[in-house]
Amino acid sequence: MSSKKTLRLISLGMFIIAAVFVAVALSHPEMGGVFYIGKFQVNASHWQVCYNLYAIIMVAFLVMSFTKVSTIVAINIALTLLVLVGNVFYQSMAMTYPIKLVCSGGFMLMGIVNLIYALITKCKRVMLMVIMGIGMIFAFGGDFAINQEFVSGVISFALGHIFFVIAYLMYRKISKIDIIISILWGIMAVGFILFCPYFVFRPEVFKYLCATYAAIISVMVGKSLGNAIVEKSFYTILIAVASVLFFFSDVALVLAWFSILEQEWLGYLCMALYYPALVLLGWSMLIYIYNNKKVIEEV
């Protein structure tokens with residue numbers, strides 16, 4: 001059987017797993033608890049259906065982007081499943097901290113493994129991959145720290161975003177469209193933090209900390225969208241999608257921590273966006289390497 005057919009079978013298997021999960025979850029609603037989005041009652045098992053569907057379809061789509069199976073692709077598939085399946089258990093088990101670290105360790109390991117692969121294959125502009133790998137490590141640091149102390153977690157995440165922006169700039173120099181999108185997105189994000197009536201920041205210094213963070217991630221989103229608009233490639237679009245998912249995950253997180261809205265569904269939303277975003281960033285490294293490696297042999 002050819003490698004391409006094998007990849008198609010893997011993708012088909014993921015769709016079948018998703019379909020089975022949907023059937024079980026919908027036929028046994030007692031599997032999950034109930035929470036509310038405003039006045040609307042939502043069954044947690046149905047929420048998990050939505051998450052698993054789009055997560056598994058995302059993985060299948062990524063797998064299909066490669067033409068043959070290799071060890072490095074298999075490792076990325078395994079780590080992706082570790083992160084996304086682990087996230088299901090994380091959300092289902094009252095967001096247990098050790099499971100969160102396993103999920104976050106999975107995407108960090110993706111970054112490290114792909115960076116090593118970039119070095120082995122003598123990838124062009126390997127420093128871009130180094131910077132991306134550092135960004136993934138800081139994202140893990142944010143997950144590790146934020147449950148212990150909010151400010152430390154935010155700082156670690158912000159540093160991760162800065163490294164991602166540097167990597168995006170290394171890929172393509174800054175242009176007017178990057179600046180325009182970043183400014184407009186930043187005005188929207190910072191204005192939301194400062195003036196949204198649902199927020200109650202205690203102490204108030206957290207408002208300005210979150211606003212600063214919003215400005216930083218807005219630059220990340222703006223630059224990624226600019227790259228995707230100027231160069232419409234699979235790599236740049238993947239980066240843009242990941243950055244946007246990361247942004248809205250952070251919006252849900254800030255609302256969960258500091259707003260008067262019910263927190264449970266916001267926590268589900270945050271994690272449902274966050275881990276796929278980091279997985280996409282991990283896969284973007286591998287796709288970049290495949291497009292720019294000098295050594296043809298597979299690891």
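1. What percentage of the 299 residues in the protein chain is buried? In this predicted model, buried residues account for 52% of them. The accessible surface of the chain is about 13700 Å², and carbon and sulfur atoms hold 75% of that area.

2. The protein chain has ten helices and two strands. Read from the N terminus, the order is α-β-β-α-α-α-α-α-α-α-α-α. Of the contacts between residues at least 6 apart in sequence, 78% join residues at least 24 apart.

3. The largest nonpolar core contains 79 residues, and Phe 107, Met 129, Met 132, Phe 246, Tyr 274 and Leu 281 touch the most other members. Elements giving two or more residues to this core include α3 (71-92), α4 (97-120), α5 (126-146) and α10 (263-292). The most comes from α10, with 18 residues.

4. Beyond its neighbours within four places in sequence, Met 129 contacts Leu 115, Ala 118, Cys 123, Met 285, Tyr 288 and Ile 289.

5. There are 22 aromatic pairs in the structure. One of them is tilted, because the rings of Tyr 171 and Tyr 235 have planes at 50°, with centres 4.9 Å apart. Tyr 171 lies in helix α6 and Tyr 235 in helix α9, 64 residues apart. Tyr 171 is buried at 17% relative accessibility, and Tyr 235 is buried at 6%.

6. Phe 192 and Phe 199 have ring centres 5.4 Å apart and planes at 75°, so this pair is edge-to-face. Phe 192 is partly exposed at 31% relative accessibility, whereas Phe 199 is buried at 10%.

Terms used. Residues numbered from 1 in each chain as written. Predicted model: local features only at pLDDT ≥ 70, side-chain atom pairs only at ≥ 80, totals over all residues. Heavy atoms only, no water. Core = buried A, V, L, I, M, F, W, Y, C linked by side-chain atoms within 4.5 Å. Buried < 20%, exposed > 50% of the residue type's maximum accessible area, 1.4 Å probe, protein only. Helix = DSSP H or I, 4+ residues; strand = E, 2+ residues; numbered from the N terminus. Contact = heavy atoms within 4.5 Å. Areas by Shrake-Rupley, 256 points an atom, 1.4 Å probe, with all protein chains shown as cover. Phe/Tyr/Trp six-rings, centres within 6.5 Å; stacked < 30°, edge-to-face > 60°.
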